[in-house]
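Here is a short report for a reader meeting this structure for the first time. Start with the view below, then read on.

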Amino acid sequence: MTEPTKDELLDFVLGQLDDDQAQDVVAIDLAGKSSIADHMVIASGRSTRQVASIAQKLAEKLKQNGYGPVKLEGLPAADWVLLDAGDIVVHLFRPEVRSFYNLERMWAFGDAPPVAGTA
């Protein structure tokens, strides 16, 4: 079996998040911006229960499909769960927590349009 490419891993993650009805999914290309990962994916769940469910299922599916073991942080509270899949880091939030931390803006480095009311 050949090693999956980074794009295949990203497509897999995005497909799983779509299947699990994650909301407001954003993929940020970190290549050349950070050494922690090549992509960051940010998504929301409607509740702590959905955030936890999405995270657990995604970690399980990644392992089952040969993308290796995944590290999960923040699962007990499930307000913000970090899933480290090596080349891709996935942040799953409850909407209120996501808007508070606003990771999209922090990691976009000018790539994203300004948020309304901040220009």
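## The nonpolar cores

The largest nonpolar core has 24 residues, and Val13, Leu17, Leu62, Leu83, Val90 and Leu92 touch the most other members. A nonpolar core is a set of buried Ala, Val, Leu, Ile, Met, Phe, Trp, Tyr and Cys residues joined through side-chain atoms within 4.5 Å. Buried means under 20% relative accessible area, exposed over 50%, and partly exposed in between, with a 1.4 Å probe and protein chains only. Two or more residues each come from H1, strand E2 (39–44), H2, strand E4 (80–84) and strand E5 (88–93). H2 gives the most, with seven residues. Helices (H or I, at least four residues) and strands (E, at least two) are DSSP runs, numbered from the N terminus.

Leucine 62 touches Leu9, Phe12, Val13, Tyr67, Gly68, Val70, Leu83 and Ala85, leaving aside residues up to four places away in sequence. Contact here means heavy atoms within 4.5 Å. Another core, of ten residues, lies apart from the largest one; Ala37, Val89, Leu103 and Trp107 are among its members.

## How the model is read

This is a predicted model: local features need pLDDT of at least 70, side-chain atom pairs count only at pLDDT 80 or more, and totals for chains, interfaces and linings use all residues. Residues are numbered from 1 along each chain as its sequence is written, and side-chain values use heavy atoms, with hydrogens and water left out.

## Two helices crossing

Helix H1 (residues 6–19) meets helix H2 (residues 48–64): their axes come within 10 Å and cross at roughly 140°. Axes are lines fitted to C-alpha atoms, for helices over the stretch in contact, and angles run from 0 to 180 degrees between N-to-C directions. That angle makes H1 oblique to H2. Angles under 35 degrees count as roughly parallel, over 145 as roughly antiparallel, 65 to 115 as roughly perpendicular and the rest as oblique.

On the H1 side, the contact is made by Leu9, Phe12, Val13, Gln16 and Leu17. H2 brings Ile54, Leu58, Lys61 and Leu62. Glutamine 16 sits in helix H1 and counts as buried, at 12% relative accessibility. Glutamine 16 touches Leu58 and Lys61, not counting residues up to four places away in sequence.

Aspartate 24 lies in strand E1 (residues 23–29). Its phi is near 50°, a positive value in a residue other than glycine. At 59% relative accessibility, aspartate 24 counts as exposed.

Alanine 78 lies in the loop between strand E3 (71–73) and E4. Phi of alanine 78 is near 60°, again positive in a residue other than glycine. Alanine 78 counts as buried, at 2% relative accessibility.
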